[in-house]
Amino acid sequence: MPDFEFKRLEQLATVRGGEEAGAYLDEIGKFSLDQMEPDEWDTFCRRLVSGYRHALHVELREESPF
């Protein structure tokens, strides 16, 4: 896969991870990171990374030639 194509997929995954993390902020009603409790920060980070990884996995699978 060409480098420019992988960067495009990473950008898509970054957006999806951000959407997941943002949805969590909506759920807890906090929109400033400094207002979060440590467990909320942990969940926020997990949702961000999980959303990114999932989107990247899905996009790569859909783009895979095999």
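The following dialogue explains how to read several features of this predicted model.

Visitor: On what basis are the values given, and how are residues numbered?

Guide: Residues are numbered from 1 along each chain as its sequence is written, and side-chain values use heavy atoms, with hydrogens and water left out. The model is predicted: local features need pLDDT of at least 70 and side-chain atom pairs count only at pLDDT 80 or more, whereas totals for chains, interfaces and linings use all residues.

Visitor: How many helices and strands does the protein chain have?

Guide: Helices (H or I, at least four residues) and strands (E, at least two) are DSSP runs, numbered from the N terminus. Here the protein chain has two helices and zero strands. Between helix 1 (3–28) and helix 2 (38–63) lies the loop that holds Lys30; Phe31 is also found in the loop between these helices.

Visitor: Are Lys30 and Phe31 buried or exposed?

Guide: Buried means under 20% relative accessible area, exposed over 50%, and partly exposed in between (1.4 Å probe, protein chains only). Lys30 is buried, at 18%, whereas Phe31 counts as exposed, at 58%. Of the 66 residues in the protein chain, 23% count as buried.

Visitor: Which residues does Lys30 touch?

Guide: A contact means heavy atoms within 4.5 Å. Not counting residues up to four places away in sequence, Lys30 touches Leu25, Gln35, Met36, Glu37 and Glu40. With the same exclusion, Phe31 touches Leu25 and Asp26. In the protein chain, 64% of the contacts with a separation of 6 or more are between residues 24 or more positions apart.

Visitor: Which residues make up the largest nonpolar core?

Guide: In soluble globular proteins, nonpolar side chains tend to be buried together. A nonpolar core is a set of buried Ala, Val, Leu, Ile, Met, Phe, Trp, Tyr and Cys residues joined through side-chain atoms within 4.5 Å. The largest one here consists of Ala21, Tyr24, Leu25, Met36 and Phe44. Helix 1 supplies the largest share of this core, three residues. Tyr24 touches Glu40, Thr43, Phe44 and Arg47, residues up to four places away in sequence not being counted.

Visitor: How many aromatic pairs are there?

Guide: Rings of Phe, Tyr and Trp (its six-membered ring) pair if their centres lie within 6.5 Å; planes under 30 degrees apart count as stacked, over 60 as edge-to-face and the rest as tilted. The count is one aromatic pair. Trp41 and Phe44 form a stacked pair, 5.6 Å centre to centre with 25 degrees between the planes. Trp41 and Phe44 are three residues apart in helix 2, so about one helical turn separates them. Trp41 is partly exposed, at 41% relative accessible area, while Phe44 is buried, at 11%.
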